[in-house]
Amino acid sequence: MECKAKEIPFENQTIVAPMTPAGVSAVAAIRVSGSKVRDVVAYLFGEKARENLTPRMAKLGNARDIDSLLYLFFEGPNSYTGEDTLELYPHGNPLIVRNLLQAIREVAGVRLAEPGEYTRRAFLNGKMDLVQAESVADVIHSANASELKNARRLLGGALSKKVAALTEQVKDISARLELDVDFAEEEADPDYAGWETRFVKIRQSVQDILNSFRGKAEVGRLPLVVLYGAPNAGKSSLVNALLGEDRILVSDIAGTTRDFVEVRLFLDGGEIRLVDTAGLAEKAADALDALSMEKSKQILAEADLKILLVDSSNEQLLSDNVSATVILSEAKNLSDVGVRPDLVLHTKADVAPSSRSRESVALDSLSISSKTGVGLAELKSVLNARLFKNRENSEDLWITSEREKACLEEAAVGVNRVLNLLKTNPAVELLAFEMQLVRRSLQSITGEISSEDVLQSIFAGFCIGK
């Protein structure tokens, strides 16, 4: 009779996945986690390599003639997942990565990881709670410095500590209430004088965390900066100068840009969307030109920061007393835009008449040259200060998880029911039941109590390899 090896349950199988995105790079990274890690080492590098494994020591090896690479072994529970873990750092050729993954999967009991499975195992093995697990995705996808700082604080357990302290208060009260339930027939009615103050404080603590909620759409939205002005004002040249590359076609022929062009620009505070619009003229040259100007006006209406560019080499706009309003008025082709710029840029400073000094530039304006770089650093500083000023120096912690918000809302509703019972019907059994529900809501935030459906919903949104 043929004897078959006992099949390893799916959830206990060793998993493998690349930690780096697909594509060509100098170095790629692959992670293996589970009980078969040592077998993988032996299969790739030989039995001697398995015998000489030293945790947290980088070693160089030839992986089955696929590639010569560095590898690191982390012995459980001192690893990200809490299991034995192997990290491989091959050259970043997609063919090498693919061949290594295929070779590793040839080891019995090894399969490709599912989305978020590494972090899920970390949670199940007690390496982090559910709040910290959710914040892993926030750390990866943060678009600005303050969002990243907040995500790192969540990952470090700042919110978990707040919730844990609150949960302990609720547990303490619940224990007292449940004790009163057990001895309800033997003692007089419990005295709950002064308890209302305790419940009000708990409700306020819950509400304070709730008030910090910021939806992912709000937090993750990149600020929109729109450049506009007359044809040939230097909008496209400015975009190229800020990016440090020729991303947009530039020409002396007015009207080269017919549609708005969006790029991403990194500032110290984070990433922004920068839009170069078609030039706005008093009268459209043709139907296509009219459509271009209409689209420019539409994107201006959505802008967080509207920047008007004025050609400072234009003799008609060289008055020392020029203001942003006057510029709009004198440049008749812009008068129908109907919006006041947040910032005015006087472009082509390198060819402007020498009589135009930087001191004569209107308030809320800068003099710049895309050709020489004059004023570009100052412009970036202004953009960073205006677009990220509300978050840059904030020490407040905020939550972005809809799941955590829902749990807190349930807890707040439960505390309100308890406060109402204290006034109308302070039966110890009812109070104990409601506080049990509040406790469970708070425990659900950190995953002290969780269901398979909740875990599946959270980790399914992660990328493979994390």
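Analyst: Two strands pair if DSSP finds at least two bridges between them. Helices (H or I, at least four residues) and strands (E, at least two) are DSSP runs, numbered from the N terminus. The model is predicted, so local features need pLDDT of at least 70 and side-chain atom pairs count only at pLDDT 80 or more, while totals for chains, interfaces and linings use all residues. Residues are numbered from 1 along each chain as its sequence is written, and side-chain values use heavy atoms, with hydrogens and water left out.

User: Strand 12 and strand 13 pair in which sense, parallel or antiparallel?

Analyst: In general, strands of a sheet pair through backbone hydrogen bonds, in one of those two senses. Here Leu 309 stands opposite Leu 345 in strand 13. Strand 12 (residues 305-311) and strand 13 (residues 343-347) are joined over five bridges, and the sense is parallel.

User: Which strands stand at the edges of the sheet that holds them?

Analyst: That open sheet has six strands in the order 10-11-9-12-13-14, with mixed pairing. Two of them have a single partner strand each, so one side of each is left without a neighbour in the sheet: strand 10 (261-266) and strand 14 (365-367).

User: There is another open sheet, in the order 4-5-6-3-1-8. How large is its average twist from one strand to the next?

Analyst: This sheet has six strands and mixed pairing. Its edge strands, strand 4 (59-63) and strand 8, each pair on one side only. For the angle, axes are lines fitted to C-alpha atoms (for helices over the stretch in contact), and angles run from 0 to 180 degrees between N-to-C directions. The average twist is 30°.

User: In strand 8, which residue is the bridge partner of Val 16?

Analyst: Strand 1 and strand 8 pair in the parallel sense over three bridges. In strand 8, the partner of Val 16 is Leu 112.

User: How many residues of helix 4 are buried?

Analyst: Buried means under 20% relative accessible area (exposed is over 50%, partly exposed in between; 1.4 Å probe, protein chains only). What covers the buried residues of this helix includes strand 1 (14-18), strand 3 (30-33), helix 5 (130-141) and helix 16 (452-459). Among the buried residues are Tyr 118, Ala 122 and Phe 123. Of the eight residues in helix 4 (residues 117-124), the buried ones number seven.

User: Are the rings of Phe 45 and Tyr 71 stacked or tilted, and why?

Analyst: Rings of Phe, Tyr and Trp (its six-membered ring) pair if their centres lie within 6.5 Å; planes under 30 degrees apart count as stacked, over 60 as edge-to-face and the rest as tilted. The whole structure has two aromatic pairs. In this one the centres are 4.1 Å apart and the planes are at 15°, so the pair is stacked.

User: Which parts does that pair tie together?

Analyst: Phe 45 is buried at a relative accessible area of 16%, and Tyr 71 is buried at 6%. The two residues are 26 apart in sequence, so the pair joins helix 1 (residues 37-45) and strand 5 (residues 67-74).

User: What about Trp 195 and Phe 199: at what angle are their ring planes?

Analyst: Their ring centres are 6.0 Å apart, and the pair counts as tilted. Both residues are buried. They are four residues apart in helix 8 (residues 195-211), about one helical turn.

User: How far apart are the C-alpha atoms of Leu 242 and Leu 265?

Analyst: Leu 242 belongs to helix 10 (residues 235-243) and counts as buried because its relative accessibility is 5%. Contact means heavy atoms within 4.5 Å; beyond its neighbours within four places in sequence, the contacts of Leu 242 include Leu 265 and Lys 380. Leu 242 and Leu 265 are 23 residues apart along the chain, and their C-alpha atoms are separated by 7.7 Å.
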